[in-house]
Amino acid sequence: MKKLFFVLLFIPSLTSAKGLFTPNENPELWCLAQNIYYEARSSNLADQAAVADVVLNRVNDNRYPDTICGVVRQGDKNMDGTMVRNRCAFSWYCDGKSDWPKEDDSWLNAQYIAWNIVFKSTYRGITEGSTHYHAHHIEPYWADSLQLVGRIGEHIYYRWL
């Protein structure tokens with residue numbers, strides 16, 4: 001109950017115990033919260049905020065789509081418009097699994113972070129301009145072509161040279 005009361009103090013648009021907003025009310029925040037949830041829900045707050053910061057950095061970079069949902073849903077499409085499996089900027093989006101969050105506490109937390117970074121600029125700049133990240137146990141082909149910023153939680157962050 002204390003956690004819910006805390007959330008109510010900072011986010012007036014609480015619609016249910018399972019969410020702060022719906023995909024219809026604010027689709028851009030929904031996309032950002034989904035990305036935080038699926039990319040970093042088991043990591044620390046700094047890493048979750050950093051994941052959100054990267055999305056917003058991409059929105060502000062002309063090499064990427066200019067909306068949050070555009071960035072989060074970026075990837076290769078089949079001829080029928082569906083996403084090519086495992087060919088997305090963020091792997092969870094086209095892994096073939098449901099994109100509906102199941103862990104209520106983690107989902108509330110992801111929404112809270114999304115709301116705060118968008119509306120209050122809380123955590124903004126934590127990645128020092130990073131546009132890329134990967135899990136610490138992965139070695140992507142593109143890492144050497146970017147400038148290493150550093151590790152936050154479970155991810156390693158990079159920016160363009």
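**Close-up views of a predicted model**

**View 1. Helices α2 and α3.** Helix α2 (residues 27–40) packs against helix α3 (residues 45–59) at an angle of about 130°, and their axes lie 9 Å apart. The axes are lines fitted to C-alpha atoms, for helices over the stretch in contact, with angles running from 0 to 180 degrees between N-to-C directions. Helices (H or I, at least four residues) and strands (E, at least two) are DSSP runs, numbered from the N terminus. α2 and α3 are therefore oblique to each other. On this scale, angles under 35 degrees count as roughly parallel, over 145 as roughly antiparallel, 65 to 115 as roughly perpendicular, and the rest as oblique. The crossing of α2 past α3 is right-handed. A crossing is called right-handed if the near helix is turned clockwise from the far one by less than a right angle, and left-handed if anticlockwise. On the α2 side, Leu32, Asn35, Ile36, Glu39 and Ala40 meet Asp47, Gln48, Val51, Ala52 and Val55 of α3. Sorted by class, the contact of α2 with α3 has 6 nonpolar, 2 polar and 2 charged residues. Ala, Val, Leu, Ile, Met, Phe, Trp, Tyr, Cys and Pro count as nonpolar, Asp, Glu, Lys and Arg as charged, and the others, Gly among them, as polar. Contact means heavy atoms within 4.5 Å.

This is a predicted model, in which local features need pLDDT of at least 70 and side-chain atom pairs count only at pLDDT 80 or more, while totals for chains, interfaces and linings use all residues. Residues are numbered from 1 along each chain as its sequence is written, and side-chain values use heavy atoms, with hydrogens and water left out.

**View 2. The whole protein.** The protein has 5 helices and 5 strands. From the N terminus on, its elements follow the order α-α-α-α-β-β-α-β-β-β. Of its 161 residues, 43% count as buried; buried means under 20% relative accessible area, exposed over 50%, and partly exposed in between (1.4 Å probe, protein chains only). Among contacts in the protein with a separation of 6 or more, 56% are between residues 24 or more positions apart. The protein exposes about 9000 Å², of which carbon and sulfur atoms supply 53%. Accessible areas come from the Shrake-Rupley method with a 1.4 Å probe, and for residues only the protein chains shown count as cover.

**View 3. Helices α2 and α5.** The axes of α2 and α5 cross at roughly 125° and come within 8 Å. These two helices, α2 and α5, are therefore oblique to each other. Their crossing, α2 with α5, is right-handed. From α2, the residues Leu29, Trp30, Leu32, Ala33, Gln34, Ile36 and Tyr37 take part, and they meet α5 residues including Trp107, Ile113, Trp115 and Phe119. By class, the contact of α2 with α5 has 14 nonpolar, 3 polar and no charged residues.

**View 4. Helices α3 and α5.** The axes of α3 and α5 are 10 Å apart, and the two helices pack at an angle of about 50°. α3 and α5 are therefore oblique to each other, and their crossing is right-handed. Leu45, Gln48, Ala49, Ala52, Asp53 and Leu56 of α3 meet Asn109, Ile113 and Ile117 of α5. By class, the contact of α3 with α5 has 6 nonpolar, 2 polar and 1 charged residues.

**View 5. Aspartate 53.** Aspartate 53 lies in helix α3. With 0% relative accessibility, aspartate 53 counts as buried. Leaving aside neighbours within four places in sequence, aspartate 53 is in contact with Ile117, Tyr123, Arg124, Gly125, Ile126, Thr127 and Glu128. Aspartate 53 and threonine 122 are 69 residues apart in sequence, and their C-alpha atoms are 9.8 Å apart in space.

**View 6. Proline 23.** Proline 23 sits in the loop between α1 (2–10) and α2. Its relative accessible area is 28%, so proline 23 is partly exposed. Leaving aside neighbours within four places in sequence, proline 23 is in contact with Trp30 and Trp100.

View 7. Asparagine 86 is in strand β2 (residues 83–88) and has a positive phi of about 60°, although it is not a glycine. Asparagine 86 counts as exposed, at 53% relative accessibility. Glutamate 128 is in the loop between α5 (104–119) and β3 (132–135). Glutamate 128 is not a glycine, yet has a positive phi of about 55°. At 52% relative accessibility, glutamate 128 counts as exposed.
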